Structures are given as C-alpha cells and as structure tokens.
Amino acid sequence: MDTPLKNDRLLRALRREPVDATPVWVMRQAGRYLPEYRATRAKAGSFMALAQNPELACEVTLQPLERFDLDAAILFSDILTIPDAMGLGLSFAQGEGPQFARPVRTRADVERLGVPDMETELRYVMDAVRVIRRELAGRVPLIGFSGSPWTLACYMVEGEGSRDFATAKAMCWNDPALAHTLLDTLARSVSAYLIAQAAAGAQALMVFDTWGGLLGPTAFREFSLRYLSQVVAALKANVHTRDVPVILFSKGANAHLVEMVDTGCAALGVDWTIDIGDARRAVHGKVALQGNLDPAVLRASPDVIRREVHRVLDSYGNNPGHVFNLGHGVTPEVDPEHVKVLVDEVHSFSRLLRAT
C-alpha cells in the first residue's frame, strides 16, 4: 500500500503544483469502446456480476492503462452501488439502463433507508480498491468515486433513468422536508463510502453530480450543493480523507462553479459547454480544474482531435492545476486509437507549452 508513486502528475496537478506535462485520464476510460472490456464483461455474464467481482473489476480498471499512457486509474464500479446496498433491487435491463424494483416515493420508504455497512454490503467495492492498488504497484494513482446525493436520489425516486427526473424534482417541491431527509441519509452514505475507499487505498476521490444541471439556481443550492458541501466537510474531518483530494463534477452546473469552490474541494470537473479559460478565471485559481473536451470530438478525425486538444490546453494556458479530461464519458462507438491520439497529444503539446 505504501509503494511510492512512479507517476504523481495527477496528484500534483490537483494540488496546483508544477508538472512536466498536463495529466490526462478520461471518464469511462474502462468501457464498452474497448474490445477487451467487452470480452471481460461477456465472461462475467452481466454488468453487475462484473462490478461485484473484485478480480474482474481490477482487470477492466487496468485495461486502458495497457493501451494508453494515462496518468490515473479509476475504480471500475457504478454510481448506484449505494442504493443497491440499501436494498432497492438494482438491475440493468439490456439497452434500457438501470432500474430499481423498489423506488423510494413515500416517507415510509425513506425511513426504511440506512447508511450501508461499507465492509459488508459494499465489501466487494473495497476489495476491488485493495486489489487494484496492489496490482497498480505505484504505476499511477487510483481514483475512487461516488454518485452525489442528488444524483442518487434522482434514480432512487424515479426508479430508473430519465431525461428530466420529474418525479424526483416533484418530491422537492411537494415535500421538501422528505427530500432533505433522503438527501441527508445519502450524504452520510456517500461520505462513509468515500472514506472507506480511501482507507482501502484510493488516492483521489471524485463525486459525480450527473444531474445537478437539471435544477434551477435556487433548487441547485438547496438540493445539490448543500449536500456536496456536507460530503466534502465530512471527508475533511476524517483521518483517512482529510489529505485526499476531492474532485466535484456537477454536469451542466457551470453557473455554480464559484459557489462550488466554497465547498473546500480540491478540483472541479467542468463539462464542454464552458470555455475552460473562462472557468479558470471564474474560480480565480482557488481550485484545480478537470476537463473539458466534448466526448463527441473522439468521433472526429485524428487531426481534429489534436486541434481540439490544442484549443483546450491553449485556453487553460500555462497555469497550474489542470487535469485534462473529457466533459463527460467516452461513448461506446469511439475508436480506441482516437483515445490514444488524445492522450499522446495532451502530453506532447502540454510539454511544448511549458517550454515556451
């Protein structure tokens, strides 16, 4: 566990320290666009069987590192592990996304929920973190993650994926006290989950607030940002996580970047709908930024990918605290060779920028 890191670019960038080249990893870097991932998933039999097998989760976590010169590994898991551990009956229908057999709609539903035990109900996640750290042997840092309280609530109340999560939003309008009870339970669960991942060996932590951007300004502050702040505060207060950098990624919430800085996080993920130079100026260098190439660019030609990499790096400028990433995850139809072009160009062009 104490093996020195051979490549600490990511952690240095998250601390806004100088690096020789901009670190790069990509969301969903272990995924269906890789033929080796598809083979391992077929061997496992299902997505959940893959995620719940620590050895296979380790295998797919490491697969992209064999292909690409990435600066981080990210735990292979799913954002819905916490509600699954709460007994909601998670399943993944072919082509239809996640579904819960027992959605959370009433006060009785909410009151039945408790914070899962991280070394029993979610032991498979912690075992995967331990196995991955061992197999990485200090090659690059390992990122652990969770869904945000608001994003988890969206799926739990809706019972499945949705474009607008209107049922979840209606709970906030019709019974805000009930929504806050649910979100508080989830914030305590997310905090415990991330603390356990760090104790097992995760060296950076990321919170995916995938559906934060669905909320209007007042509702975002009340039902999303409040609980992101609660999670970060809990992590800062715990011995296992007080020095572990936390990345908050609230998709579609660029208008709230300045407020999110005040949570005390180390970095903010930004999607592709804001210029990263504008984002850097907005946060006044108080946090690192992660992002923010449009994932669809990976379907363009290699020359276009290189041009767009240059645009993002030029926009951020020769300033500390940039982790290059996509503005969302890699999509299944992407050619893996295009990801290689991206990763290699980030390193080579960012070195050129530092030399000028």
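When I say contact, I mean heavy atoms within 4.5 Å. Keep in mind that this is a predicted model.

Let's start with leucine 342. Leaving aside neighbours within four places in sequence, leucine 342 is in contact with Val26, Leu293, Leu298, Ile305, Val309, Phe324 and Leu326. Now the wider setting. The largest nonpolar core has 134 residues. Within that core, Met156, Leu268 and Leu342 touch the most other members. Which helix gives the most to this core? That is α10, with 13 residues.

Next, glutamate 345. This residue is found in helix α15, residues 336-355. Is glutamate 345 buried or exposed? Buried means under 20% relative accessible area. Glutamate 345 has 14% relative accessibility, so glutamate 345 counts as buried. Its contacts, again leaving aside neighbours within four places in sequence, are Arg306, Val309, His310 and Ser350.

On to helix α11, residues 217-236. Where does α11 bend? At leucine 225, by about 35 degrees. Leucine 225 is also one of the buried residues of α11. Others on that list include Phe220, Phe223, Tyr227, Leu228, Val231 and Leu235. A reminder on helices: residues three or four places apart point the same way, because an α-helix has 3.6 residues a turn. What covers the buried residues of α11? The cover includes helices α8, α9, α10 and α12, plus strands β5 and β6.

Now the strands. Take β4, residues 142-147. Six of its six residues are buried. In a regular strand, side chains alternate between the two faces of the sheet. Here, Leu142, Gly144 and Ser146 point one way. Ile143, Phe145 and Gly147 point the other way. Both sets are buried.

β4 has two partners to show you. With β1, residues 73-74, β4 pairs in the parallel sense over two bridges. There, isoleucine 74 stands opposite isoleucine 143 in β4. With β5, the pairing is also in the parallel sense, over five bridges. Glycine 147 stands opposite phenylalanine 208 in β5.

Last, the largest pocket. Its volume is about 1300 Å³. How many residues line the largest pocket? The count is 41. Arg28, Arg32, Phe47, Asp78 and Phe92 lie nearest the centre.

To recap on the pieces I covered. Leu342 is among the residues that touch the most other members of the largest nonpolar core. Glutamate 345 counts as buried. Helix α11 bends at leucine 225. Strand β4 pairs with β5 over five bridges.

Terms used
Residues numbered from 1 in each chain as written. Predicted model: local features only at pLDDT ≥ 70, side-chain atom pairs only at ≥ 80, totals over all residues. Heavy atoms only, no water. Bend = angle between axes of the 7 residues up to and from the residue. Helix = DSSP H or I, 4+ residues; strand = E, 2+ residues; numbered from the N terminus. Buried < 20%, exposed > 50% of the residue type's maximum accessible area, 1.4 Å probe, protein only. Core = buried A, V, L, I, M, F, W, Y, C linked by side-chain atoms within 4.5 Å. Pairing = 2+ DSSP bridges. 1 Å grid on protein atoms, 1.4 Å probe; cavity = no way out; pocket = protein on both sides within 12 Å on 5 of 7 lines; lining within 4 Å. Points joined across faces, edges and corners; volume = space filled by probe spheres on them.
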